[in-house]
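Thanks for coming. I will go through one site and its surroundings, and then stop.

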Amino acid sequence: MFSINKLLNKSHKAITASGTALILSTIMLSPANAADITTTYDNSCAACHDNGALNAIKKGDSAKWQQLIKQKSMPTLIQSVKGGMSQMPAGGLCDTCNDEDYRKLIEYMSK
Ligand code: HEC
């Protein structure tokens with residue numbers, strides 16, 4: 001006999017399976033998560049942005065960061081880090097960072 005319950009159960013399983021695959025691939029494709037951003041900051045940006053070495057804007061100086069983000073816009077700032085500036089080396093000492101990582105790092109510093 002036809003069972004709607006069996007049918008629903010089957011399609012539910014199929015959806016769950018593809019959902020799991022989707023979540024897994026999202027995790028693998030997604031850039032560094034929040035914990036990694038802290039580590040990346042410590043390993044790369046902190047050298048200058050923690051203590052304001054070479055006149056780098058300090059992490060946590062949110063007034064200055066917010067002003068800069070407003071003035072130049074986030075995409076411009078990301079380009080600055082990637083291309084380097086007068087005192088900042090290209091990539092800001094992070095050779096695995098992508099644009100999304102840089103955006104997160106800048107947001108992290110601006111808080
Ligand atoms: C070797 C020192 C150094 C390191 C490492 C460094 N920065 Fe910088 N950064 C600077 C200095 C100095 C400035 C100020 C501009 C200049 O003089 O180059 C600056 C400016 C910036 C700016 C402002 C750019 C603009 O257009 O005004 C951003 C954003 C930034 N840094 C992000 C980062 C990030 C993110 C990292 C880590 C991935 C990083 N920096 C690592 C020294 C550094």
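M88 is partly exposed, at 22% relative accessible area; the class lies between buried, under 20%, and exposed, over 50%, with a 1.4 Å probe and protein chains only. H49 counts as buried, at 9%.

A word on the source. This is a predicted model, where local features need pLDDT of at least 70, side-chain atom pairs count only at pLDDT 80 or more, and totals for chains, interfaces and linings use all residues. Residues are numbered from 1 along each chain as its sequence is written, and side-chain values use heavy atoms, with hydrogens and water left out.

H49 belongs to helix 2 (residues 34–49) and M88 to the loop between helix 4 (74–83) and helix 5 (99–109), so the pair ties together parts 39 residues apart in sequence. Helices are DSSP runs of H or I, at least four residues, numbered from the N terminus.

Now the polar contacts, meaning pairs of N or O atoms within 3.5 Å. A side-chain N or O atom of S80 is 2.6 Å from an oxygen atom of the ligand. For Q87, a backbone N or O atom lies 2.9 Å from a ligand oxygen. Helix 2, helix 3 (62–72), helix 4 and helix 5 each give two or more residues to the shell around the ligand.

Terms used: A polar contact is a pair of N or O atoms within 3.5 Å; within protein, one must be able to donate a hydrogen and the other to accept it, and residues adjacent in sequence count only if both atoms are side-chain atoms.
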